[in-house]
Amino acid sequence: MKTKITVNNNGSLKIEGEFYIVDPQGNEYNLQGREVVSICRCGLSKNKPFCDGSHKGHFEHNAVAFDLPPRKV
């Protein structure tokens, strides 16, 4: 299964599928077998990098897909 990342309105990035997450040193987070997690985008979570719902009422972003500009060569 391909990994899917959903940008939620006014909230987190939801990651689904087969994936792993590492810190800057390359140490892997123990996800305890989860195949779905949400990553904080607002910076308010007490469980960073994971979402704990602290964004509710404090973070606004309407997620609408768009095309990125062409890659620089």
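**Why these labels? Questions about a predicted model**

Biologist: What makes Gly 57 exposed?

Modeller: Its relative accessible area is 82%. Exposed means over 50%, buried means under 20%, and partly exposed lies in between (1.4 Å probe, protein chains only). So Gly 57 counts as exposed.

Biologist: What is this model, and how are residues numbered?

Modeller: It is a predicted model: local features need pLDDT of at least 70, side-chain atom pairs count only at pLDDT 80 or more, and totals for chains, interfaces and linings use all residues. Residues are numbered from 1 along each chain as its sequence is written, and side-chain values use heavy atoms, leaving out hydrogens and water.

Biologist: Where is Gly 57 found?

Modeller: Gly 57 sits in the segment after β3. Strands are DSSP runs of E, at least two residues long, numbered from the N terminus. The C-alpha atoms of Gly 57 and Gly 11 are separated by 9.7 Å. Along the chain, these two glycines are 46 residues apart.

Biologist: Why is His 55 called buried?

Modeller: His 55 has 12% relative accessibility, so it counts as buried. His 55 also belongs to the segment after β3.

Biologist: Which residues does His 55 touch, not counting residues up to four places away in sequence?

Modeller: They are Asn 10, Gly 11 and Cys 42. Contact means heavy atoms within 4.5 Å.

Biologist: Why does Asn 10 count as partly exposed?

Modeller: Asn 10 has 32% relative accessibility, therefore it counts as partly exposed. Asn 10 lies in the loop between β1 (4-7) and β2 (13-16). Its phi is positive, about 50°, although Asn 10 is not a glycine.

Biologist: And why is Gln 32 called exposed?

Modeller: Gln 32 reaches 60% relative accessibility, so exposed is the label. Gln 32 is in the loop between β2 and β3. Gln 32 is not a glycine, yet it has a positive phi of about 55°.

Biologist: What makes a set of residues a nonpolar core?

Modeller: The members are buried Ala, Val, Leu, Ile, Met, Phe, Trp, Tyr and Cys residues, joined through side-chain atoms within 4.5 Å. Here the largest nonpolar core has 6 residues: Ile 15, Ile 21, Leu 31, Val 37, Ile 39 and Phe 50.

Biologist: What does Leu 31 touch, not counting residues up to four places away in sequence?

Modeller: Leu 31 touches Phe 19, Ile 21, Val 37 and Phe 50.

Biologist: Which residues does a cis peptide bond join?

Modeller: Lys 48 and Pro 49, with omega about 10°. Pro 49 is in the segment after β3 (36-39).

Definitions and conventions. Helices (H or I, at least four residues) and strands (E, at least two) are DSSP runs, numbered from the N terminus.
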